[in-house]
Amino acid sequence: NMAEPKFLKIENNGQVARIILDRPKHNVLDIPMMNELNAELEKIAADEELKCLVITGEGRSFCAGVEVADHKPDNVDAMVATFNRIFELINMIDIPIIAAVNGACLGGGMEVAIACDMVIASEKAIFGQPEVKLGFFPPYAALRLPELVGVAKAIEIVTTGQNYSAMESKDLGFVSKVAPVDDFQATIDGQVKQICHASPLILRLNKRAVKRHIGTSFFQGVDLVSNYFLKTMMKTEDTLEGIASFEEKRRAVWKNK
């Protein structure tokens, strides 16, 4: 078995996995920490019982970026490959992923947050892509931000390098909920609880249904999603159980198949 990670804390109750970034002071990602994160994401991608993944940060920050030393020409090829692997793995995970952003969420840290399906931010959270100020651009943000906020706002975010409050980030569209500091944990737990009412299999089918038609025409999309509904979902025991439990006015007992 692998050694306990040094830069992460892991919690897993069988339904919900939590990855807590834990590299003082500001959970800055370096190559060893990213390797640990990728090892955990691989385990989560392979776990068919899970319903939800939460990624958050220990202490006052979520993650203040990627170690600047790892951007030097000697290290940069390894850094980019390791960094890109995070996003490949997040893209492979079929359960909903929540970034619970408790504080500073900058640079590569913001890229990890926006890779998740939902960003829930404490009102104290600060977001930004300050790479431009150091002579860089953020490669994953360049890909992901246009999907979330549109091209013009994506260009604003990367070329100004400015910080955005949690509320400004929600207005821009890459944060889904903002919670008062005192309610932050309860807001995360509430969202997780709602997700956990569902079958793990059906949660996966919902997320896949949203993603499988991206990039197709409307008619192809309707076809793809309808076929997925009829040929995949309708063949599951859990869909039939959902119908039965509704008709019998009882709680569904999911089988995850």
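## A buried arginine and its partner

At 18% relative accessibility, R23 counts as buried, where buried means under 20% relative accessible area, exposed means over 50%, and partly exposed lies in between (1.4 Å probe, protein chains only). The side chain of R23 meets that of E67 in a salt bridge, with 3.3 Å from N to O; a salt bridge is defined here as a side-chain nitrogen of Lys or Arg within 4 Å of a carboxyl oxygen of Asp or Glu. R23 lies in the loop between β2 and α1, while E67 lies in the loop between β4 (61-63) and α2 (76-92), so the pair ties together parts that are 44 residues apart in sequence. The names of these elements follow DSSP runs numbered from the N terminus, with helices being H or I runs of at least four residues and strands being E runs of at least two. E67 is partly exposed, with a relative accessible area of 26%.

## How the model is described

This is a predicted model, in which local features need pLDDT of at least 70 and side-chain atom pairs count only at pLDDT 80 or more, whereas totals for chains, interfaces and linings use all residues. Residues are numbered from 1 along each chain as its sequence is written, and side-chain values use heavy atoms, with hydrogens and water left out.

## Other salt bridges

The structure holds 14 salt bridges. One of them joins the side chains of K9 and D22, at 3.6 Å from N to O, and this pair links distant parts of the chain, since K9 is in strand β1 (residues 8-12) and D22 is in the loop between β2 (16-21) and α1 (31-46), 13 residues apart. K9 counts as partly exposed, at 36% relative accessibility.

Being three residues apart in helix α2, R85 and E88 are separated by about one helical turn. R85 is partly exposed at 27% relative accessibility, and E88 is also partly exposed, with a value of 44%. Elsewhere, salt bridges that share partners join K9, D22 and E58 into one network.

## Cysteines without a bond

How many disulfides are there, if a disulfide is taken as a pair of cysteine sulfur atoms within 2.5 Å? By this rule the count comes to zero. C105 is in no disulfide, and the nearest cysteine sulfur, that of C63, is 7.3 Å away. The sulfur of C116 is 9.1 Å from the closest cysteine sulfur, in C105, which is too far for a bond.

## The nonpolar interior

In soluble globular proteins, nonpolar side chains tend to be buried together. Here a nonpolar core is a set of buried Ala, Val, Leu, Ile, Met, Phe, Trp, Tyr and Cys residues joined through side-chain atoms within 4.5 Å. The largest such core has 51 residues, and those with the most contacts inside it are L53, F127 and F174. Apart from it lies another core, of 14 residues, among them V16, A100, I120 and V192.

Which residues does L53 touch, not counting those up to four places away in sequence? With contact meaning heavy atoms within 4.5 Å, the partners of L53 are A17, I19, L41, I44, I93, I95, P96, I97 and I98.

## A nonpolar patch on the surface

F229, L230, M234, L240 and I243 form a nonpolar patch on the surface, with about 460 Å² of accessible area together. Patches are made of residues with over 30% relative accessible area and no salt bridge, with like charges joined within 9 Å and nonpolar side chains (Val, Leu, Ile, Met, Phe, Trp, Tyr) within 5 Å, and accessible areas come from the Shrake-Rupley method with a 1.4 Å probe, counting only the protein chains shown as cover for residues. The elements that give two or more residues to the patch are α10 and α11 (237-247). L240 is found in helix α11 and counts as partly exposed, at 47% relative accessibility.

## Positions across the fold

S226 has its place in helix α10 (residues 218-232) and is partly exposed, with a relative accessible area of 33%. The C-alpha atoms of S226 and K177, which are 49 residues apart along the chain, are separated by 31 Å.

E123 sits in the loop between β7 (118-122) and β8 (126-128), and at 47% relative accessibility E123 counts as partly exposed. Leaving out residues up to four places away in sequence, E123 touches A166, V178, A179, P180 and V181. E123 and E247, by contrast, are 42 Å apart in space, C-alpha to C-alpha, and 124 residues apart in sequence.

Terms used
A disulfide is a pair of cysteine sulfur atoms within 2.5 Å.
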